[in-house]
Amino acid sequence: METSQRDELSGFLNVLPHVDFCCVYGSTLHPNNQDKSKMVDYILGVSDPMQWHSENLKMNSNHYASWMVHLGGARLITGVADKVGVGVHFNPFVSWNDRKLKYGVVRMHDLIQDILDWNRFYLSGRLQKPVHLLVDNLDIEDVNSVNKRAAVSAALLLLPSKFTEEDLYAKICSLSYMGDLRMLFAEDTNKVNKIVKGQFDLFRSMYKPFLEDCETKNLLRFSSAQANLVQDSSLSASRSLVSSLPASVRSQMGKSLGEKKILSETGRVSGEICIASREAAAKCMEKVMKRRVMVSSARQAVSGFLAAGVINATMYLSQKMRKGWNSRS
């Protein structure tokens, strides 16, 4: 991102209360995109959402649905995000500096937990794709390395023995859309391919260290053939990939596939998932992820509708549905 564009987008933070983390994303920021009329998305990480919303209501009450402002204020806003949604409150259709913006506010603790454990697999899925960091006071970029490494492992488990680099990034990108209810009617069916093609170089630079690490461990090798990546599809390689998945995913897989107890030299007992075949492990992981994404997407859809208000929510949904139907025609 060019310095002038970064400075412009960072300028929005000057009209908001303090944040500890901020990243921006959206198709309008893609390197090859010339259409600047589309919405820019912000994710804001804060230490205390209720306090943050209290301050922001004094500064920018027009960013919120009027019914939430009048009926409960910051307490209601935070309650809906935590109890109904997945811990993120979004304000869409915010006008600023001749741009349309949408920003989501999340508790830093919840953001870190999702990145490390995929317990909701909502913002962690977003951070597996290219974003532009504007503020990172707690070094979330470093924490996100765990998330990206796990994403590579999950994608490899779902891919055949030979595939292209683009196939890999598309599979990583698709993880957070598996089971997403919006994909049935309100999303562009070509969304994954468009994201990858529009930001291929960003994906490459983002995942290069992790692919090199896989190559060092003999899990993956680069080939000069048409399918330029070849992975080890053995059972031992599959176990290695599964071991790199977040604990909550492995726990769910263990309940389905079974676990055996392993006693380490230090006397610590740990569980190892019983993997009879690579296909069984991949199918089980996919089922776990689809269920997780489906629940999160449904909860966030309801929370988003309440947070945005009827008019904004209807407008946002109609735009999404229009894109979805256009991609199917």
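Colleague: How much space lies in the second largest cavity?

Modeller: Rolling a probe the size of a water molecule over the atoms shows where empty space is left. This is a predicted model, in which local features need pLDDT of at least 70 and side-chain atom pairs count only at pLDDT 80 or more, while totals for chains, interfaces and linings use all residues. Residues are numbered from 1 along each chain as its sequence is written, and side-chain values use heavy atoms, with hydrogens and water left out. A cavity is a set of points, on a 1 Å grid over the protein atoms alone, where a 1.4 Å probe fits but cannot get out; the grid points are joined across faces, edges and corners, and a volume is the space filled by probe spheres set on the points. Here the second largest cavity holds about 60 Å³.

Colleague: Which residues line the second largest cavity?

Modeller: Lining residues have an atom within 4 Å of a point. For the second largest cavity they are Val86, Val88, Val106, Asp110, Leu111, Asp114, Arg120, Tyr122 and Leu123, and helix α5 (residues 108-117) gives the largest share, 3 residues. Helices (H or I, at least four residues) and strands (E, at least two) are DSSP runs, numbered from the N terminus. By class the lining has 6 nonpolar, no polar and 3 charged residues, where Ala, Val, Leu, Ile, Met, Phe, Trp, Tyr, Cys and Pro count as nonpolar, Asp, Glu, Lys and Arg as charged, and the others, Gly among them, as polar.

Colleague: What volume does the largest cavity have, and which helices each supply at least two residues of its lining?

Modeller: The largest cavity has a volume of about 90 Å³, and α7 (140-158), α10 (200-216) and α11 (235-243) each supply at least two lining residues. The lining includes Arg149, Phe210 and Leu241, and its classes are 5 nonpolar, 3 polar and 3 charged.

Colleague: How much space lies in the second largest pocket?

Modeller: A pocket is an open set with protein on both sides within 12 Å along at least five of seven lines. The second largest pocket contains about 360 Å³ of space, and of the 16 residues that line this pocket, Val131, Leu133, Glu141, Lys148 and Met206 are the closest to its centre. The largest share of this pocket's lining, 4 residues, comes from α7.

Colleague: Is Leucine 71 buried or exposed?

Modeller: Buried means under 20% relative accessible area, exposed over 50%, and partly exposed in between (1.4 Å probe, protein chains only). Leucine 71, in helix α3, is exposed because its relative accessible area is 67%.
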